[in-house]
Amino acid sequence: MRRPFARLMPVRPRLRQRLLPSLERRLRMERRFKRGIVLATALAVAFVAGLVPWGRYIAESSLMAVVQTGRQAVGMPSTRADIDASWRRFRQLRIEQTRPRVARFYDEASSAHQRLLRYAGMDPEHAVLRWGNYDWTMLLSSKVFEDDDEGRSFRFRPRTRSVWLRGLPLPSGVPMFFLVPDGPGLDEAIRGTSATVLERSRQVTNSWGLRGPEPDRDAPLRGIVLGDSYMQGMFLGEEQTPPECLRRRLEGRLGIRASILNTGVMGYSAEQYYHSLVAFADRFAPDFVVVSVFPNDFGGDIPTVANRGVGDWREGKYWLEKTIAFCKARGWPHLIVPVPYEAHLLARRFSGHYPGSLLNILDDESTSILDPFDAFASAHLAAEVAGLRGGRPVEGSPLYNNPIDDHFSAAGAELWAEVVGERILLLLDRAKADREAKEKARARTQAARPAADPGGGPGRG
């Protein structure tokens with residue numbers, strides 16, 4: 001039974017057993033110690049997340065993972081903006097992690113090698129350290145290259161002479177490319193080092209910052225070649241690059257002046273191909289576009305991609321199809337050309353993986369994709385036969401620069417241009433025939449319409 005006036009009755013305070021003063025002090029100190037640990041841990045996490053590169057990367061990635069998990073829970077897929085942001089974080093992390101390695105390599109180098117690095121603008125204070133080859137961090141000469149924040153990551157400096165050096169040591173984990181300024185101080189810069197100049201590899205960039213002659217926007221035939229070091233013409237002379245060979249072949253076949261824009265830069269991959277096209281296409285207004293691709297455009301090491309098909313094909317597909325869509329929107333014929341992999345030429349061919357995986361992912365018509373491998377195989381076989389009959393068996397393939405690297409030799413660049421040129425001519429002929437057919441159809445439609453009444457129509461008299 002409830003007591004009606006229970007609320008008015010005073011409440012007796014509970015009696016609390018008091019602790020001994022010494023025990024109370026100990027418990028108070030423990031509480032303070034635990035609070036201090038929590039505070040110190042929070043400060044350490046904030047410090048790591050804010051100052052240490054991998055700490056920031058983990059913190060930001062964890063936050064994005066939570067956001068993406070929430071989106072997936074309600075049926076919303078990751079957006080392209082999320083993917084691009086993830087790539088930016090990853091690439092910035094790799095660059096920041098590489099900086100101390102570059103500094104350590106420089107500090108441990110001999111005085112002669114330090115002098116060379118300073119001459120080339122590859123010392124820690126001046127080097128261009130940017131992402132390339134899909135997921136690499138590359139160390140480049142700041143006197144030959146410059147940063148690009150519009151999608152290409154880095155680019156050639158305009159009107160710059162450079163040359164390749166060979167025989168220099170590379171620090172573990174930091175790909176260094178010794179394409180250095182070709183100036184009067186070069187001989188002094190390499191004195192006392194193991195470097196040698198590859199004389200025939202000298203190159204000059206034009207006013208657009210591209211290898212090759214000045215662009216001729218008034219040429220009757222204009223084309224753009226997108227690609228990496230293969231199209232740049234790594235270790236080749238000015239007249240030997242694949243785009244320059246293509247220009248000569250088209251001029252010879254058509255009897256008209258042609259201008260080919262060589263946007264190939266070592267370390268570029270599918271994302272940079274697209275941004276190179278955006279940077280130059282409307283300015284140059286080409287009649288066609290060639291896109292050269294190679295296994296390391298899709299991540300991983302080259303043999304893994306080429307022989308096992310293990311690569312980031314989805315990311316490559318995204319950027320290649322943006323390039324294709326860009327060309328189609330402007331009515332420009334395009335051609336995707338996988339570089340023939342020399343190891344497949346000399347041993348077993350894993351074409352189901354490369355270029356097979358590439359062909360499987362692209363939503364493009366077959367005539368706009370060209371695999372030159374069989375032409376290279378036939379030319380290689382012909383060279384082997386000639387070598388055996390002449391008593392000089394070939395080592396490797398004469399289509400590649402085997403004593404130096406696996407890039408095209410001058411003969412390989414000429415063959416590439418021959419094969420690609422034939423397909424380009426057919427694509428241009430088809431585009432022309434298509435335009436002519438549409439013009440004839442329009443003319444027939446207009447001729448079939450009734451003529452206007454010369455009297456001005458009814459009601460006039």
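Is S368 buried or exposed, and why?

A: First, the ground rules. This is a predicted model, in which local features need pLDDT of at least 70, side-chain atom pairs count only at pLDDT 80 or more, and totals for chains, interfaces and linings use all residues. Residues are numbered from 1 along each chain as its sequence is written, and side-chain values use heavy atoms, with hydrogens and water left out.

S368 counts as buried because its relative accessibility is 3%. Buried means under 20% relative accessible area, exposed means over 50%, and partly exposed lies in between, with a 1.4 Å probe and protein chains only. S368 sits in the loop between α12 (356-361) and α13. Helices (H or I, at least four residues) and strands (E, at least two) are DSSP runs, numbered from the N terminus. Leaving aside residues up to four places away in sequence, S368 touches H334, L335 and I336. Contact here means heavy atoms within 4.5 Å.

Helix α13 covers residues 373-389, and helix α14 covers residues 410-448. Their axes come within 10 Å and cross at roughly 135 degrees. That angle makes α13 oblique to α14. Axes are lines fitted to C-alpha atoms, for helices over the stretch in contact, and angles run from 0 to 180 degrees between N-to-C directions. Angles under 35 degrees count as roughly parallel, over 145 as roughly antiparallel, 65 to 115 as roughly perpendicular, and the rest as oblique.

On the α13 side, the contact is made by A375, F376 and A379. On the α14 side, G412, L415, W416 and V419 take part. By class, this contact has six nonpolar residues, one polar and no charged. Ala, Val, Leu, Ile, Met, Phe, Trp, Tyr, Cys and Pro count as nonpolar, Asp, Glu, Lys and Arg as charged, and the others, Gly among them, as polar.

Now turn to the strands. Strand β1 (residues 128-132) and β2 pair in the antiparallel sense over five bridges. Two strands pair if DSSP finds at least two bridges between them. V128 has L140 in β2 as its bridge partner. Three residues lie between the strands of this hairpin, where N133 takes a positive phi near 45 degrees. Strand β2 (residues 136-140) is mostly covered, with four of its five residues buried.

Another group is an open sheet of three strands, in the order β6-β5-β7, with antiparallel pairing. Its edge strands, β6 (179-181) and β7 (196-204), each pair on one side only. Strand β5 (residues 161-166) is joined to β7 by five bridges. S162 stands opposite Q203 in β7.
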